[in-house]
Amino acid sequence: MIHNVDQKTPVVRLTHPNLRNGGSLEVAQHAAGSAGFRPDTSSVLWACGRHLASHLCEAPELIQGKRCIELGAGIGLTGIAAAALGASEVVLTDVPAAMSLLRANAAAASASHEGCRLIAQELLWGEQAHIEQALSRGAYEVVLGADILYFQSKEDVVKLVATMDGLLAAGGAVLLAYEWREDWETTDAFHCECAARGLHSEQRPLRGPLGEVDEDEAVLLFVSRGGSDATAAIF
Ligand SMILES: C[S@@+](CC[C@H](N)C(=O)[O-])C[C@H]1O[C@@H](n2cnc3c(N)ncnc32)[C@H](O)[C@@H]1O
């Protein structure tokens, strides 16, 4: 068990009074040793996924009524929580190999989130065709990501930031839950690439049901188009 995340259980449960449909939701994961487990990182929940979902539960105004897309969604808990908190649309995305579990979780959840269009779509960072497909209904007010920044090559970080930039609507924001793993090069490349694209990036505390999450455990990387008063008013 890492930071209250059990990667062995077949079902992950999130409870919070702000979640619609009774204050709780369940999402399937494929634990190590079970059918469907993938030896990458996508078939189980990571601590940042739970932290970002809890943060949205504590501050649902961040996503209520908004079009959201989640990058590297894994099992989809964070985006499904956004749907259950009142987002108008949530697109869950990940690499092709992750899509069968993610699509199944999106389909199972969408039945209980009337009023929110919840879909899953393949999206490899930097892949223009995938980005354009995701943009077919317009840019996104919120781009979500949990534990998607970890020891990547500079090239992959550049692709990730380009993808965020391409998807983000004017006045929108990127909310990334980030676990510090002493990978200085990755975070440095991330902030430098944001700056090179005119995106403002800063670190904020994550909120959980018991107050702020310990910063040694995880933080929120908040990214917006620099200096926008409209963005500041919303987020
Ligand atoms: C550590 S997991 C986090 C999963 C989930 N967000 C969570 O918090 O439980 C990282 C996720 O990023 C995805 N990912 C990694 N590289 C990617 C890329 N180049 N394009 C799209 N997704 C990627 C992985 O497939 C995986 O689902």
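Modeller: Let's start with A98, which sits in the loop between β4 (89-94) and α3 (99-110); helices (H or I, at least four residues) and strands (E, at least two) are DSSP runs, numbered from the N terminus. Keep in mind that this is a predicted model, where local features need pLDDT of at least 70, side-chain atom pairs count only at pLDDT 80 or more, and totals for chains, interfaces and linings use all residues. Residues are numbered from 1 along each chain as its sequence is written, and side-chain values use heavy atoms, with hydrogens and water left out.

Back to A98: its relative accessible area is 3%, so A98 is buried (buried means under 20% relative accessible area, exposed over 50%, partly exposed in between, with a 1.4 Å probe and protein chains only). T41 is 57 residues away from A98 along the chain, yet their C-alpha atoms are separated by 9.0 Å.

Now for the wider setting. The chain has seven helices and 11 strands, and 51% of its 235 residues are buried. Along the principal axes, the C-alpha atoms fill a box of roughly 40 × 40 × 35 Å.
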